[in-house]
Amino acid sequence: MFEEAYKPPVSDGTGQDRKLLRDAGRLLGEAGWHVKDGKRVNANGEVFEIEFLIADPAMERILSGFVKNLQAIGVQTTIRRIDPGPIRFLVNTHVHPDHTAGNATFAKAGAVLLAREELREGLARQTAADPARLPVITYGMGDPVKFRMNGEVVELIPVRAAHTGGDTMIRFVNADAIMVGDFYRNFGYPFIDTNNGGSLKGALEALELTMKIAGPNTRLIPGHGTFINRTEIVPYRDMILAVQAKVQQLIGQGKTLPEVLAAKVTSPYDAKVPGGLLPAGNAGTSADRFVSMVYAQLKDGH
Ligand SMILES: [Zn+2]
């Protein structure tokens with residue numbers, strides 16, 4: 001459908017701008033998403049899907065134009081109605097702003113915020129921020145906190161110093177899904193925030209714990225990237241161990257951090273890690289940030 005000759009934008013009254021659709025299709029194609037049997041698929045055969053979750057039925061009419069356009073370029077698009085009831089509880093998996101910045105908004109809408117005590121302490125250290133963002137209920141390490149609601153059992157599983165010092169996994173027992181937070185990610189290299197209490201050893205332990213808790217069909221949902229199952233943790237852990245061993249070897253040879261970074265120890269994995277060579281914070285690329293962390297942790301004797 002995208003091979004037809006260029007035509008200037010035509011308004012046919014359907015709300016579809018053919019040129020824009022064609023441009024969007026071309027950009028998706030350049031990004032590796034091609035149309036097969038009317039669907040956008042990537043090289044792995046994965047289908048490009050978008051689901052809009054709406055609480056207000058009036059949104060359905062507003063979204064219908066988007067749905068039509070997305071479907072026209074092969075993106076599988078659906079709308080699902082969710083319970084419009086107020087959100088009663090909100091759990092933070094860790095302290096980072098991309099996971100907590102909505103806290104005050106949800107709290108003011110009536111949600112009770114829950115998190116590890118360490119996470120609350122981290123948030124409380126920030127000055128000049130809305131006090132409504134602070135978790136109301138906190139817990140430490142030990143047995144999971146359990147919620148029983150709507151026929152579901154939700155477990156808040158505390159994880160020792162991993163991505164940060166206050167990580168929690170959230171397990172939906174009946175739905176067989178676990179939100180793992182950020183100690184696993186498949187966009188960019190592992191990020192372990194040692195300034196906020198994370199540790200390489202703790203992250204490796206958290207990966208082992210996840211493989212132990214998860215069943216063969218459990219959906220693991222990372223904070224950055226795509227759903228996985230537990231078998232996909234194995235190559236991730238092995239990659240961390242291999243990089244760790246390589247960096248340890250270079251430290252043994254007396255190499256400095258710039259020398260270790262220059263050795264490009266992640267190169268066997270770079271093609272397989274989406275976003276791995278993109279900038280990450282002020283520490284260079286995501287690969288550089290990862291290797292710098294491993295170096296610092298090993299130097300500190302962790
Ligand atoms: Zn994070």
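This is a predicted model: local features need pLDDT of at least 70, side-chain atom pairs count only at pLDDT 80 or more; totals for chains, interfaces and linings use all residues.
Student: Why is Asp37 called exposed?

Tutor: Count the neighbours. Asp37 has 7 of them within 10 Å, so Asp37 is exposed. You'll find Asp37 in the loop between β1 (34-36) and β2 (39-41). Its phi is positive, about 50°, although Asp37 is not a glycine.

Student: And what makes Asn150 count as exposed?

Tutor: The cut-off is again 12 or fewer. Asn150 has 9 C-beta neighbours inside 10 Å, so Asn150 counts as exposed. Asn150 sits in the loop between β8 and β9, and its phi is positive too, near 50°.

Student: How do you know that β8 and β9 are paired?

Tutor: Two strands pair if there are at least two bridges between them. Strand β8 (residues 145-149) and strand β9 (residues 152-159) have five bridges, in the antiparallel sense, so by that cut-off they pair. Met149, for instance, stands opposite Glu152 in β9. The two strands form a hairpin with two residues between them.

Student: Why is β3 said to lie largely in the open?

Tutor: To be buried, a residue needs 20 or more other C-beta atoms within 10 Å. Of the six residues of strand β3 (residues 49-54), zero are buried, so β3 lies largely in the open. Still, β3 has a partner: six bridges join it to strand β4 (residues 76-81), and the two run parallel. Glu49 is bridged to Gln76 in β4.

Student: What kind of unit do β3 and β4 belong to?

Tutor: They make a right-handed β-α-β unit together with helix α2 (residues 58-72). Right-handed is the name because, with the strands pointing away from you, the path from the first strand over the helix to the second runs clockwise.

Student: What makes β5 and β7 edge strands?

Tutor: Look at the open sheet, where three strands come in the order β5-β6-β7 with parallel pairing. β5 (89-91) and β7 (137-139) each pair on one side only, and that puts them at the edges. The twist from one strand to the next averages 20°. Three bridges join strand β6 (residues 112-116) to β7, and Arg116 stands opposite Tyr139 in β7. Helix α5 (residues 117-125) lies across β6 and β7, at about 105° to β6.

Student: How do you know that domain 2 touches domain 3?

Tutor: Residues are in contact if their C-beta atoms lie within 7 Å. In this chain, 11 residues of domain 2 are in contact with 17 residues of domain 3. On the side of domain 2 that touches domain 3, there are eight nonpolar residues, three polar and no charged. The bounds are domain 1 (18-81), domain 2 (89-234) and domain 3 (238-299). The C-alpha centres of domain 2 and domain 3 are 25 Å apart.

Methods: Residues are numbered from 1 along each chain as its sequence is written. Helices (H or I, at least four residues) and strands (E, at least two) are DSSP runs, numbered from the N terminus. Domain bounds come from an automatic or database domain assignment. Two residues are in contact if their C-beta atoms, placed from the backbone, lie within 7 Å. Ala, Val, Leu, Ile, Met, Phe, Trp, Tyr, Cys and Pro count as nonpolar, Asp, Glu, Lys and Arg as charged, and the others, Gly among them, as polar. Axes are lines fitted to C-alpha atoms, for helices over the stretch in contact, and angles run from 0 to 180 degrees between N-to-C directions.
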